[in-house]
Each structure stands twice: as C-alpha cells, then as structure tokens.
Amino acid sequence: MKLTESLDTKVTGHWVDADDEGVLACVPFLVAGKKSANGRTYSVEIVKEAVDALKEIVGRRKSYGSTKHQKELELDLVSHFIEDVDFDPTTNTAQADLRIVKTTKGKNLLAILRAGGRLGVSARGEGAVDEKGAVKSGY
C-alpha cells in the first residue's frame, strides 16, 4: 500500500543563495506522533527509520522533487533535489534541506516562496496502516 502524506509548511531555517548551484532551504516534511492531514500517525521509530533509509538515497544525490504531484518523476518538472535529511527529536519532525535548482520550475517555486507563499510537501512511502490510522513498522 502506498502512503502519501502532505504537509502545508513554511520554509524554515536557512536560505543560502549560491548563483551556480541554486538556493538551499530547510523544509519540515513529516511529524511523528501527531495525526496527519491524511489521518495517519507515524511513530518516532518509523519516522527515524524512514529518515535513515532516505539518507542513503540522498547521499547519492538521487532524490529529486517537482512542483507537480505525479506518480513518476518527469525531469522537465524537477524543481529541487534533497541535499540532506534529518530528524529533530525536539519537535519529532523529519526535515530536509532542499536545493532549489535553476530550472524553470525551480525558478517559479523560488519566486513563490520568496513572496511568502506556502509549500505543500508530500512524503511518499509504502507500508501498512492499522484500523486507527497508525502506520505499521516496515514503512
């Protein structure tokens, strides 16, 4: 079963302008221990496991994102890639450093964010959910 979460968020943390690489933004993408907009609850352990698994992919610079919520990534829609991912135990939040790249979609995304727009972030994974909406181990 595919699990997709959406989190309406404001870009937090740091902005680093780098003309040749794009812009770096820190974005929360999943909160543990709190019911999500999709009615699911992720334990701290499951979120930490997912962050650790994602770190391996991120380290190979293979985690791209787009401004469209599609099933498979289309390179002409890429707006950013994940440069780093971490879990903040003080807020039980998984967060990512996104490198917003200088593609057409990346420039559009950056203009919206700089104007104060909010970013909807979707986290995807596979797993099972119990009858109360708690995501089971193995996500």
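The stops below run from the overall fold to single residues.

**Before you start**

This is a predicted model, in which local features need pLDDT of at least 70 and side-chain atom pairs count only at pLDDT 80 or more, while totals for chains, interfaces and linings use all residues. Residues are numbered from 1 along each chain as its sequence is written, and side-chain values use heavy atoms, with hydrogens and water left out.

**Stop 1: colour by confidence**

Colour by pLDDT, the predictor's confidence in each residue, from 0 to 100. The protein has a mean of 78, and 81% of its residues reach 70 or more. Strand S1 (residues 2-9) has the lowest confidence, with a mean of 44, while S5 has the highest, at 89. Select residues 1-8: the pLDDT there is below 50, and this stretch has 45 contacts in the model beyond near neighbours in sequence. A contact means heavy atoms within 4.5 Å. Where pLDDT is low, the predicted coordinates should not be read in detail.

**Stop 2: cartoon view**

Switch to cartoon and count 2 helices and 7 strands. Helices (H or I, at least four residues) and strands (E, at least two) are DSSP runs, numbered from the N terminus. Along the sequence the pattern reads β-β-β-α-β-β-β-α-β. Among contacts with a separation of 6 or more, 60% come from residues 24 or more positions apart.

**Stop 3: the core**

Of the 139 residues in the protein, 40% are buried. Buried means under 20% relative accessible area, exposed over 50%, and partly exposed in between (1.4 Å probe, protein chains only). Which residues have the most contacts inside the largest nonpolar core? Select Phe 29, Val 47 and Leu 119; the core holds 25 residues. Such a core is a set of buried Ala, Val, Leu, Ile, Met, Phe, Trp, Tyr and Cys residues joined through side-chain atoms within 4.5 Å. Now show the elements that give two or more residues to this core: strand S3 (22-31), helix H1 (44-59), S5, strand S6 (93-100), helix H2 (104-114) and strand S7 (119-126).

**Stop 4: down the axis of H2**

Select Gly 106, Leu 109, Leu 110 and Leu 113, which are buried in H2. Look down the axis: the buried residues of H2 fall within an arc of 100°, so they line one face of the helix. That arc is taken from the directions from the helix axis to the C-beta atoms. Then select Thr 104 and Lys 107, exposed residues on the face of H2 turned away from its buried side. Move on to Gly 116, which follows H2 and has a positive phi, near 100°.

**Stop 5: two salt bridges**

The structure holds 2 salt bridges. The criterion is a side-chain nitrogen of Lys or Arg within 4 Å of a carboxyl oxygen of Asp or Glu.

Select Asp 84 and Lys 55, whose closest N and O atoms are 3.8 Å apart. This pair links strand S5, with Asp 84, to helix H1, with Lys 55, across 29 residues. Asp 84 is partly exposed at 34% relative accessibility, and Lys 55 is partly exposed at 35%.

Next, select Glu 83 and Arg 99, with closest N and O atoms 3.0 Å apart. Here strand S5 is linked to strand S6, and the partners are 16 residues apart.

**Stop 6: the aromatic pair**

A search of the whole structure finds 1 aromatic pair. Select Tyr 64 and Phe 81: the pair is edge-to-face, 6.2 Å centre to centre, with 65° between the planes. Tyr 64 is in strand S4 (residues 64-66) and Phe 81 in strand S5 (residues 78-88), 17 residues apart. Rings of Phe, Tyr and Trp (its six-membered ring) pair if their centres lie within 6.5 Å; planes under 30 degrees apart count as stacked, over 60 as edge-to-face and the rest as tilted. Tyr 64 is partly exposed at 43%, and Phe 81 is buried at 10%.

**Stop 7: two single residues**

Select Asn 92, in the loop between S5 and S6. Asn 92 has a positive phi of about 55° although it is not a glycine. Its relative accessibility is 26%, so Asn 92 counts as partly exposed.

Finish at Gly 22 in strand S3, buried at 3% relative accessibility.
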